[in-house]
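Let's take a friendly tour of the inside of a protein, looking at its pockets and its cores.

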Amino acid sequence: MYSKIALASVLFQAARGQQVGTNTPETHPALTWETCTAPGSCTSNNGKVVLDSNWRWVHSAAAGSYTNCYTGNTWDATLCPDDVTCAANCALDGADYTGTYGVTATGNSLKLNFVTGTNVGSRNYLMKDDSNYEILYMLNQEFTFDVDVSNLGCGLNGALYLVSMAADGGLSATNKAGAAYGTGYCDSQCPRDLKFIGGKANVEGWTPESNSANSGTGNNGACCAEMDIWEANSISAAYTPHAGPASLTICDGDACGGTYSSNRYAGDTDPDGCDFNSYRQGDTTFYGPGMTVDTTKVFTVVTQFLTDDGTADGNLNEIKRFYVQDGTVIPNSESTIPGITGNSVNTDYCQNQPTVFNDTPSFENKGGFASMTAGLKAGMVLVLSLWDDYADSMLWLDSDDPATGDPTVPGIARGTCATTSGVPSDVESSQASAYVTYSNIKVGPINSTFAAPATKRSVLGAAAGRPQRRAVL
Ligand SMILES: *[C@@H]1O[C@H](CO)[C@@H](O)[C@H](O)[C@H]1NC(C)=O
């Protein structure tokens, strides 16, 4: 995922010490979320959110000095001659969440604006307290939230997902900022656009991005498992497990693999994942404006992490999806692609999909469900983001990918967006006022976080391949 910085205005105050800037006090927005035991039986947690470090102003840590360590997409050569010196010389500053970054939490709701001044998008993490991320243990549990994607057009991605970050953000002698300043990110693309990884800067080998004024790519990447519960706009949506290490693993150069490296499959992490996108799986009228899941209105997304023995000690073997809208539970759409059946992500689905679509079996090759089980068992951090795509214009989510592919060939078409859509410079002007809202987050045992229909009246047992209808409560 790409990132942008916003340059905060400079006030003259004393910095308090290395690596934590105090120009803007860091005040984490409060966000409540619920833990449930049964439908209607939930208790509220007083969570907080924190903005990722990559969006923050990075300046000299020397007392009274606010020289930028990083400006636009380049590092200051004096403060940052190498990774170790740069980490010692530079401080991450606090964030004006709403004013600079367009991030606003109210009660149980988090709204992320797309463009705010020079800032584009944001990546935020759920915190347990002011210095630790919340670690979620999702095996044999379900994750539920409400989302408003009505303002997200082609090329934008409102993403809610889990990654295997450390609870303290990698706090150490050389990273005094830690989770309080949103450090320690990793994901299944082994991102190399991160300014700091593992207590060091990523200035060595840094190459400014040719098409982005704010980002670049360094020698190091930050790999870990990623569970994309939700990547979506108003046109298309996908949920996708990505295999990878169950904790931050630093990689080197093009051996990282992923979006930022010359060979996508070179690393130990799975950049492609095993995705379920209803449109790509053949149901082109399920998700979108006015469709079965009507994206012009708020709806609820339920994701269940089922294990082979029905306990949290078992192995993940199925990831199931329901939607709830206007009091109606809507099972996920069925795949209508010959050779790929069912309406959930399971072992058969993940083996059949790359075969039928002629894709690299990246998820299987990098460890598949066993790897995702290890990640979920170790506990993962919740990410809430909004981004646009400098690598592929989000065509992999909402258009034809590859753009030159024949959309009648199964697997190519993922949504109705034009193959020319999603270019960041276009969407950052035409959709500047776009936003996503995540709210009402709930975690609990299977079927505890939403009102599942009584078995007799449900359509959950409908034969595979039959048109799915809404179950009226
Ligand atoms: C959850 O609810 C669905 C629909 O009523 C039902 O088919 C399933 O067996 C339930 N699962 C559990 C673990 O209760």
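Helices (H or I, at least four residues) and strands (E, at least two) are DSSP runs, numbered from the N terminus. This is a predicted model, in which local features need pLDDT of at least 70, side-chain atom pairs count only at pLDDT 80 or more, and totals for chains, interfaces and linings use all residues. Residues are numbered from 1 along each chain as its sequence is written, and side-chain values use heavy atoms, leaving out hydrogens and water.

**Pockets**

On a 1 Å grid over the protein atoms alone, a pocket is an open set of points where a 1.4 Å probe fits, with protein on both sides within 12 Å along at least five of seven lines; lining residues have an atom within 4 Å of a point. A volume is the space filled by probe spheres set on the points.

| Pocket | Volume | Lining |
|---|---|---|
| Largest | about 830 Å³ | 43 residues |

In the largest pocket, R264, P271, D272, W396 and D401 lie nearest the centre. Helix α3 gives the most to this lining, with four residues. For the second largest pocket, β6 (90–92) and β16 (196–197) each supply at least two lining residues.

**Cores**

A nonpolar core is a set of buried (under 20% relative accessible area, 1.4 Å probe, protein chains only) Ala, Val, Leu, Ile, Met, Phe, Trp, Tyr and Cys residues joined through side-chain atoms within 4.5 Å. The largest one has 87 residues, and F143, F145 and W230 have the most contacts inside it. Strand β30 (residues 380–388) gives the most to this core, with seven residues. Another core, of 18 residues, lies apart from it and includes C86 and F196.

Technical notes: Buried < 20%, exposed > 50% of the residue type's maximum accessible area, 1.4 Å probe, protein only.
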